[in-house]
Amino acid sequence: MASASKRDQKEKMTAAGRAAAVIVALGTEHASGVYKHLREDEIERLSLEVAKLSRLSSEDMQEIVEDFYGLCVTQKVISEGGVLYARDVLEKAFGPQAAASYMERISKSMQVRALEFIRKANNKNLMMMLQNEHPQTIAFVLSYARAEQASYVISELGKDVQLDVIQRIAKLESVSPDIVSTVESVLEKRFSSVVSVDMTEIGGINYVADIMNHTDRNTEKHIFDELNKRDPLLSENIRKLMFVFEDIVGLDDITIQRFLREVDTQDLAIAIKGSNEEVKEVLLNNVSRRAKETILTDIEYLRNVRLKDVEEAQQRIVNIIRSLEESGEIVISRGGEDEIIA
């Protein structure tokens with residue numbers, strides 16, 4: 001029973017836990033050398049895992065270290081010799097079953113490393129690199145960027161280019177390693193180069209929705225206004241996957257009351273002043289009578305409010321809603337998702 005319990009414990013170890021076991025196996029001198037190559041947050045997380053690490057038998061430790069060694073060898077062989085060569089070498093070294101397992105695990109991890117230098121780039125530098133590129137190239141590169149990076153670049157592009165890039169990102173699905181490699185070689189002189197080893201899923205409307213969730217209201221409005229004219233179906237599909245200020249009318253009263261507790265009163269007054277009657281009515285119906293009177297008084301005294309101020313106030317409210325949704329405190333039903341039954 002004891003050995004079965006230990007086996008279950010080992011199998012339940014997280015990747016971070018297994019990394020901690022490798023660090024312990026390396027010893028303090030070699031471990032300190034590894035730490036020099038890690039970020040502060042990575043060091044903290046790894047140190048915590050080391051501290052939490054339960055006692056492992058010598059057999060368990062040896063198995064974890066051997067598995068780590070196999071993954072290192074696999075990554076090196078794939079990077080230096082390519083996928084087909086790696087499969088042949090690994091099968092001879094570890095056998096077909098283990099080789100297939102290593103190949104699958106390394107391939108998945110290396111997929112996300114394609115154009116990794118993009119995700120590490122400063123937003124302004126990324127914009128400078130892409131501003132004169134063809135929209136298809138911009139779309140391709142931004143599909144590998146973080147959503148907040150992509151939203152910054154798109155907001156800085158010309159109005160016509162913005163829409164073109166959004167459409168191209170939404171229609172991207174998978175790209176072969178050859179194309180990835182070609183684009184990387186063009187950008188290599190300006191940034192680092194990383195080679196992908198497998199077909200990688202990029203872009204798509206889910207990613208566009210994420211970009212739009214990070215985009216300022218002015219850019220968001222322009223893109224949707226123009227996209228509704230050019231490709232209304234695509235516009236609708238993107239909107240279904242994201243939350244915008246006008247979608248407040250579709251929330252239930254409990255959800256509205258919850259996020260309003262986090263909203264600054266001045267932001268609410270400015271946001272309501274620039275909103276349509278339906279949104280205004282929904283929001284005011286979900287505050288107390290006294291708060292409603294205060295807000296209406298504030299709105300009455302607001303003069304010459306800039307559109308930019310309204311959009312920023314509305315965006316701050318949307319950010320609160322999205323934050324509460326991410327933390328699980330509220331649930332927002334979107335098109336295509338399962339309905340929630342109380």
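Q: Where in the predicted model is T255 placed?
A: The place of T255 is in helix α17. That helix covers residues 253-260.

Q: What makes T255 count as buried?
A: Its relative accessibility is 7%. Buried means under 20% relative accessible area. The value of 7% falls under that cut-off, so T255 counts as buried.

Q: Which residues does T255 contact, leaving aside its neighbours within four places in sequence?
A: T255 is in contact with I330 and V331.

Q: Which residues of α17 are buried along with T255?
A: I256, R258, F259 and L260 are buried too.

Q: What do the buried residues of α17 pack against?
A: They pack against three helices: α18 (265-273), α19 (277-284) and α21 (307-326).

Q: What is found at the start of α17?
A: A side-chain oxygen of D252 reaches to within 3.1 Å of the backbone nitrogen of I254. A polar contact needs a pair of N or O atoms within 3.5 Å. The distance given for D252 and I254 lies inside that limit.

Q: Why is α2 called roughly perpendicular to α4?
A: Helix α2 (residues 15-26) and helix α4 (residues 40-52) pack at an angle of about 80°. Roughly perpendicular covers 65 to 115 degrees. The angle falls in that range, so α2 is roughly perpendicular to α4. Their axes are 8 Å apart.

Q: Which residues make the contact between α2 and α4?
A: From α2 come A16, G17, A19, A20, I23 and V24. From α4 come R45, L46, E49 and V50. By class, the contact has seven nonpolar, one polar and two charged residues.

Q: What makes M212 count as buried?
A: M212 sits in helix α14 (residues 205-213). Its relative accessibility is 1%. The cut-off for buried is under 20%, so M212 counts as buried.

Q: Which residues touch M212, leaving aside neighbours within four places in sequence?
A: The contacts are I166, E220, I223, F224, I238, M242 and R322. Take I238 from that list. M212 and I238 are 26 residues apart in sequence, and their C-alpha atoms are 8.7 Å apart in space.

Q: How do you know whether Q149 is buried or exposed?
A: Q149 is found in helix α11 (residues 147-156). At 0% relative accessibility, it is under the 20% cut-off, so Q149 counts as buried. Not counting residues up to four places away in sequence, Q149 touches I118, R119, K120, A121, N123 and L126.

Q: Why is D88 called partly exposed?
A: D88 has a relative accessible area of 39%. Buried is under 20%, and exposed is over 50%. The value for D88 lies in between, so D88 is partly exposed. Its place is in helix α6 (residues 83-94). D88 and A99 are 11 residues apart in sequence and 8.8 Å apart in space, C-alpha to C-alpha.

Q: How many helices and strands are in the protein chain?
A: There are 21 helices and two strands. The chain has 342 residues, and 39% of them count as buried.

Note on methods. Residues numbered from 1 in each chain as written. Predicted model: local features only at pLDDT ≥ 70, side-chain atom pairs only at ≥ 80, totals over all residues. Heavy atoms only, no water. Buried < 20%, exposed > 50% of the residue type's maximum accessible area, 1.4 Å probe, protein only. Helix = DSSP H or I, 4+ residues; strand = E, 2+ residues; numbered from the N terminus. Contact = heavy atoms within 4.5 Å. Polar contact = N/O pair within 3.5 Å; in protein donor to acceptor, adjacent residues only side chain to side chain. Axes fitted to C-alpha atoms, helices over the stretch in contact; angles between N-to-C directions. Parallel < 35°, antiparallel > 145°, perpendicular 65-115°, else oblique. Nonpolar A, V, L, I, M, F, W, Y, C, P; charged D, E, K, R; others polar.
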